[in-house]
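Visitor: Hi, I'm new to looking at structures. Could you walk me through this one?
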Amino acid sequence: KNADGAKSELRNALLVDPDNIHAADLLATINVSEGDVQSALRSWNKTGRPIVDDILHNYYLTFGSWVVRKAIDFRPAEVLKYAQWKTTESRLFETNGFANVGLEIEPAPVADQYNAIVRTTSRTNTLGGLAFNIAKGLPLKTSYFDLWNIGNSGMNFNANYRWDANRRRIEGLLKVPLPLPGLPQLELGSSWRSESWDLAPVIRPESLAGARFTYKANALRIYLKDIPHYRVEIGGGFEYRNRAASGNLPELFTDSRNTGRFMADLNLRLMDGQYQNRLRVEGFAARRSILGNTNFSGGTAELNNRITLSEDTRTYVDWTIKAGTSRGRLPVEDYFLLGMDEKPRNPLRGHAAADNGRYGRGPMGTDFVLLNFDVDRRIARIPMFNTFDVPFVTVKWELFFDSAKTFDRNRILKPGKLWLDTGGGLRFETPTNAFIVVYGRSLRDGSGVFEGYVEHRLW
């Protein structure tokens, strides 16, 4: 009953005899039973196994969803490799229709072959889920509404309404998996915003009289994303924004000029062992000659890194380096904004993005650099028995240090300081997302922020 001791002895046996099929098979079996598919498949693959006899979905020969069948990147009569399973898993999670995805491998009736069992937990439409969506956003003054797997088509509709008086927002997104090789995802989105801004903390003194203004906009968005391999994700699309800002800062487009932005992104996973990393590059461009009333462009590059200090205690060191730059006169909403919000794009965790609901408190600029450094460790894993479609929640503590600096080449905002923030908090992780509660403190100005926010899990 000492699984850790057994794995240690089996690894030692394989060091002596790398071709010991029995040891490799037993080690992989233990790893699969513990949910460590990566280690299991890598152990099996060294001996040319497991050869797939049949593929089952939730232990059934017939697939319960065409989406699962289309996402699978491996075939019967072939060796199931880790990269093929990880690609399958990434495609299924990208649909947003599954709360959890897993793999089991069992011996098949055919000698030296195995059945690959793809396990999925589908998100469901229930009254309890509807009530939870309404309740979970109350601290953020936000209500959520979700429809999963509409008509068993694999399509999902997700919407939210933020009723904060200074930051009202309605968003809706229809996500459509396409029946094409690789299961690309088509996103059709729409949003409405009505927000009060106050740039007094960050604007230059000569423009202070126009620091307060109102921003309104309707936007339509179309985006296509594809995962040909789990190490490579690509996407691109277009957004048209019908703006109606009102203020006295024409340099920041506090008027009714509209924008049409083309967008593209690329994700590359370069290393995937004890050290993992991911490079994400995003670009955007608006051209008056195509659609809209403005010309500007820009992009960001982000390198995420993780080192596993201890697999047994789930102790990790994560750090991210991110930078952004732009060209042209930017509408105020396209400036890079650093600080904490319910879904921060550029988390500087000792600063808030808004003050009393008004955007403009956090550092802003046409260019920025940002470093996030974290150490986290698992405290507990709590089974949820698929309550609200969540099989379990992992609880972790974390300590962090952030550093950032912003620049404004248009010389409207103040020169940015070198910000240094530190703090700690708790992470509550599901297989796909994390809710984080942190207290962060700015070492430069002594201010503190207590904030809860949601992020999509990367690792």
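Visitor: Which residues touch the most other members of the largest nonpolar core?
Guide: Keeping in mind that this is a predicted model, the largest nonpolar core has 32 residues, and Trp-197, Leu-199, Met-364 and Leu-413 touch the most other members. Strand S8 (212–229), S11 and strand S18 (367–387) each supply at least two residues of this core, and the largest share, 4 residues, comes from S8.

Visitor: OK, and what does Met-364 touch?
Guide: Not counting residues up to four places away in sequence, Met-364 touches Trp-197, Leu-199 and Leu-413, and its partners also include Val-202, Tyr-335 and Phe-336. Apart from this core lies another one, of 27 residues, with Val-32, Val-37, Ala-116 and Leu-183 among them.

Visitor: Switching topic, where is Arg-280, and is Arg-280 buried or exposed?
Guide: Arg-280 sits in strand S11, which covers residues 275–286. Its relative accessible area is 17%, and because buried means under 20%, Arg-280 counts as buried.

Visitor: Which side chains does it make polar contacts with?
Guide: The side chain of Arg-280 makes a polar contact of 2.9 Å with the side chain of Asn-267, and another polar contact, of 3.5 Å, joins the side chains of Arg-280 and Glu-282. Leaving aside neighbours within four places in sequence, Arg-280 is also in contact with residues including Asp-265, Thr-300 and Glu-302.

Visitor: Last one: what lines the second largest pocket?
Guide: That pocket, with a volume of about 300 Å³, is lined by 18 residues, of which Pro-201, Val-202, Arg-361, Pro-363 and Trp-419 lie nearest its centre. The lining divides into 8 nonpolar, 6 polar and 4 charged residues.

Definitions and conventions:
Residues numbered from 1 in each chain as written. Predicted model: local features only at pLDDT ≥ 70, side-chain atom pairs only at ≥ 80, totals over all residues. Heavy atoms only, no water. 1 Å grid on protein atoms, 1.4 Å probe; cavity = no way out; pocket = protein on both sides within 12 Å on 5 of 7 lines; lining within 4 Å. Points joined across faces, edges and corners; volume = space filled by probe spheres on them. Nonpolar A, V, L, I, M, F, W, Y, C, P; charged D, E, K, R; others polar. Buried < 20%, exposed > 50% of the residue type's maximum accessible area, 1.4 Å probe, protein only. Polar contact = N/O pair within 3.5 Å; in protein donor to acceptor, adjacent residues only side chain to side chain. Contact = heavy atoms within 4.5 Å. Core = buried A, V, L, I, M, F, W, Y, C linked by side-chain atoms within 4.5 Å.
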